Amino acid sequence: MDMDRMQDDFFTRMEASTPLRDLFEHIPGVFFFVKDAQGRHITANSALLRRYRLESEEEIVGAPTEDFFPRDVAKSYRDDDQKVMTSGKPLIDRLEPWYDEQHQLDWFLTTKLPLHDKKGSIIGVVGIIRRSRERMNHPDVREVAAAIDYAKQNCKTQITTADLARAAGVSERHL
C-alpha cells in the first residue's frame, strides 16, 4: 500500500479533529487556534481562551481577531493569515506581539500553516503561539525589543531612527 493511500485511509477513519485538539490541551505554553478563510475563529485550546479572558469555546467560534486585539495588531495578524492562505506557504516562528499573563502585549513566536479541505483547497489557517526564551535571547530580538521598549516609553515625544538605534545599541543601518 502506498504512503498517501495509507494516510488517507487512516485519516478518513479518524474522529474529526478531536485527537489533535486534545493534544494541544496538554502542551504547556502553547496556544492553539484554527481560523477559516474569512478570519473567523473555528476552535482554540483552553490556554488561548483563558488568555483572551473567555469562559468557553462558544465565545470564540465565529469571532474575528479584531474582537480581541487593537485594530493595528489585528490587521497585522489578518494580513499574515491571508498571506499564508494565498501563498499556501507556512509562516514559521514569526516574532510578534501577543498577550502575556497580565493581558499586556509582549513578544511571542507564531507559526501558521494553511489548512486544506479534502479536495486540496485552502480553507483557513491552523496555528500555534508560544514564548521562546531561547529565541528571545537572540541578539537581533533583544535589539528590536529594546528599540520598541524605548518607543513605548517615549511615545509622547518625537523619536528618530538614531534614538531607536542608540536605545538598541546598534547602528541606524543595522536597525
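A: This is a predicted model, and by the rule used it has one cavity of 30 Å³ or more. The volume of the largest cavity is about 90 Å³. Its lining is made up of 13 residues, and those closest to the centre are F33, K35, Y77, W98 and I129. By type, the lining residues of the largest cavity are seven nonpolar, three polar and three charged.

Turning to the aromatic pairs, the count comes to nine. One of them joins F24 and F32, which are stacked, with 4.3 Å from centre to centre and 5° between the planes. F24 and F32 are both buried.

Another pair is formed by Y52 and F68: the ring centres are 4.5 Å apart and the planes lie at 20°, under the 30 degrees cut-off, so this pair counts as stacked. Y52 and F68 are 16 residues apart, and each lies in the loop between α3 (46-51) and α4 (71-87), so the pair links distant parts of the chain. Y52 has a relative accessible area of 9%, which is under 20%, so Y52 is buried. F68 has a relative accessibility of 14% and therefore counts as buried by the same cut-off.

Note on methods:
Residues are numbered from 1 along each chain as its sequence is written. This is a predicted model: local features need pLDDT of at least 70, side-chain atom pairs count only at pLDDT 80 or more; totals for chains, interfaces and linings use all residues. Side-chain values use heavy atoms; hydrogens and water are left out. Rings of Phe, Tyr and Trp (its six-membered ring) pair if their centres lie within 6.5 Å; planes under 30 degrees apart count as stacked, over 60 as edge-to-face and the rest as tilted. Buried means under 20% relative accessible area, exposed over 50%, partly exposed in between (1.4 Å probe, protein chains only). Helices (H or I, at least four residues) and strands (E, at least two) are DSSP runs, numbered from the N terminus. On a 1 Å grid over the protein atoms alone, a cavity is a set of points where a 1.4 Å probe fits but cannot get out, and a pocket is an open set with protein on both sides within 12 Å along at least five of seven lines; lining residues have an atom within 4 Å of a point. Grid points are joined across faces, edges and corners, and a volume is the space filled by probe spheres set on the points. Ala, Val, Leu, Ile, Met, Phe, Trp, Tyr, Cys and Pro count as nonpolar, Asp, Glu, Lys and Arg as charged, and the others, Gly among them, as polar.
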